[in-house]
Amino acid sequence: MKDLFDRILANKGPLGKWADQAEGYFVFPKLEGPISNRMKFQGKEVVTWSVNDYLGLANHPEVREIDAQAAAEYGSAYPMGARMMSGHTELHEQLENELATFVDKEAAYLLNFGYQGILSTIDTLVSKNDVIVYDVDAHACIIDGVRLHLGKRFTYKHNDVESLEKNLVRATKVAEKTGGGILVISEGVFGMRGEQGRLKEIAALKGKYNFRFLVDDAHGFGTLGKNGAGAGVAQGIQDEIDVYFATFAKSMASTGAFIAADREIINFLKYNMRSQMFAKSLQMVLVKGALKRLDMLRNRPEIMAKLWENVDALQSGLKERGFDIGSTQSCVTPVYLKGSIPEAMVLVRDLRENFGVFCSIVVYPVIPKGLILLRLIPTASHNLEDVAITLEAFSSIRERLESGVYKRQSEAIQSV
Ligand SMILES: Cc1ncc(COP(=O)(O)O)c(C=O)c1O
């Protein structure tokens, strides 16, 4: 018999195996200083494009003041216990009511973390007779929620409504046999490449098939639709979304999340969702902070307007310079370049060290071999100077990539 840790020590996993080369630089980098358009990386100022603080609320003085007041008043413990037992308060309820109104649903329920929250929502919504049909590129939290499902599940091709329909036909056959129902899951905005989920076309299939629709709008909430009410509102089909999910970890610049739906469905989830029944309630400092942030979304439309001014400047500037930014329909700005993983590593170092531009990098196996994806997240705290610096930097690194400079440098490093 083996020791359990033998396998773990022998194989660090698909990402872990790169730890020696990547840790501290490509993964687990330490960005320092206040969260803003300019932060410090390894002691140097960089234009930061890798923080999902879309509305720039993380360091907004009014938000910081409320966070500080709430921390002074309640500390980080209050309330203790799960919502159902001893962790329920008037302010939790107030926030839920305000969120429900904001996203045009009857009721909402707070979740202490987005990841576990949506995972547990999926687990609670379906029983073994039900069938789940979900986008193959769904976020890990959706995939993990589906993993808990004891019944049938089908994936459809990414954002492909024809493929969804084929799978709805299959799912309908299964559900007719088992006597169950169907849950379709999409994201409002796909966070890696920035396309909006084709929510309107998916919802239109409700005329032909019987299913309920769950949307994870982590990147759409706060950035799309009136005042940031999300992708469903932007596409005019919020009513067709049966369960709406958004996290506080992006536009709200905080921690926590919520689901919104008809009151009876929220009541069911409140009494049956294991991640909330058996875990501590969202801390008051986060609840008070979320109330303030939501107030900013409702009453400061100029913040979202500033975000989109930056998004438009960045995306149109990249397109004018001939960069391939895929088919983004959101703030998420991917830039696709052709190159190998070693070239990508040299390129990112150059971008950070010599041009002072910090963004995330994605390579194979997340995207096809031979492609490099640089992912930029514009926020309301950026300005047009940040955009100009970045456009210049991108033009320079592309020139170096195409002329083989990075290839030669990466070969020189490998041969050392
Ligand atoms: C699409 C999507 N869903 C859910 C989550 C999880 O949210 P949280 O960070 O609140 O756990 C994320 C976070 O990255 C996300 O991108």
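Two residues are in contact if their C-beta atoms, placed from the backbone, lie within 7 Å. Helices (H or I, at least four residues) and strands (E, at least two) are DSSP runs, numbered from the N terminus. This is a predicted model: local features need pLDDT of at least 70, side-chain atom pairs count only at pLDDT 80 or more, and totals for chains, interfaces and linings use all residues. Residues are numbered from 1 along each chain as its sequence is written.

**Helix 3 with helix 12**

- V63, I66, D67, A70, A71 and Y74 in helix 3 meet M284, V285, K288, G289, K292, R293 and M296 in helix 12.
- Sorted by class, this contact of helix 3 with helix 12 has eight nonpolar, one polar and four charged residues (Ala, Val, Leu, Ile, Met, Phe, Trp, Tyr, Cys and Pro count as nonpolar, Asp, Glu, Lys and Arg as charged, and the others, Gly among them, as polar).
- Helix 3 (residues 61-74) and helix 12 (residues 284-299) pack at an angle of about 155°, and their axes are 8 Å apart (axes are lines fitted to C-alpha atoms, for helices over the stretch in contact, and angles run from 0 to 180 degrees between N-to-C directions).
- That makes helix 3 roughly antiparallel to helix 12 (angles under 35 degrees count as roughly parallel, over 145 as roughly antiparallel, 65 to 115 as roughly perpendicular and the rest as oblique).
- Helix 3 passes helix 12 in a right-handed crossing (a crossing is left-handed if the near helix is turned anticlockwise from the far one by less than a right angle, and right-handed if clockwise).

**Helix 4 with helix 12**

- Helix 4 (residues 90-102) and helix 12 cross at roughly 30°, and their axes come within 10 Å.
- Helix 4 and helix 12 are therefore roughly parallel to each other.
- The crossing of helix 4 and helix 12 is left-handed.
- On the helix 4 side the contact involves L91, H92, Q94, L95, E98, L99 and F102, and on the helix 12 side M284, V287, K288, A290, L291, L294 and R298.
- The residues of this contact of helix 4 with helix 12 divide into nine nonpolar, two polar and three charged.

- Seven strands form an open sheet in the order 4-10-9-8-7-5-6, with mixed pairing (two strands pair if DSSP finds at least two bridges between them).
- At the edges are strand 4 (107-111) and strand 6 (153-156), each pairing on one side only.
- From one strand to the next, the twist averages 20°.
- Strand 4 pairs with strand 10 (residues 257-261) in the antiparallel sense over five bridges, and L111 stands opposite A257 in strand 10.
- Helix 10 (residues 263-272) lies across strand 4, strand 9 (243-247) and strand 10, running at about 25° to strand 4.

- Four strands form an open sheet in the order 1-2-3-12, and the pairing is mixed.
- Strand 1 (31-32) and strand 12 (357-358) stand at the edges with a single partner strand each, so one side of each is left without a neighbour in the sheet.
- Strand 1 and strand 2 (residues 38-41) run antiparallel and are joined by two bridges; K40 in strand 2 is the bridge partner of E32.

**Around the ligand**

- Which residues come nearest to the ligand? Of the 13 residues around the ligand, they are G114, Y115, A218, T247 and A249.
- Helix 5 (residues 114-125) gives the largest share of the shell around the ligand, three residues.
- By class, the shell around the ligand has seven nonpolar, four polar and two charged residues.

Methods. Near = placed C-beta within 6 Å.
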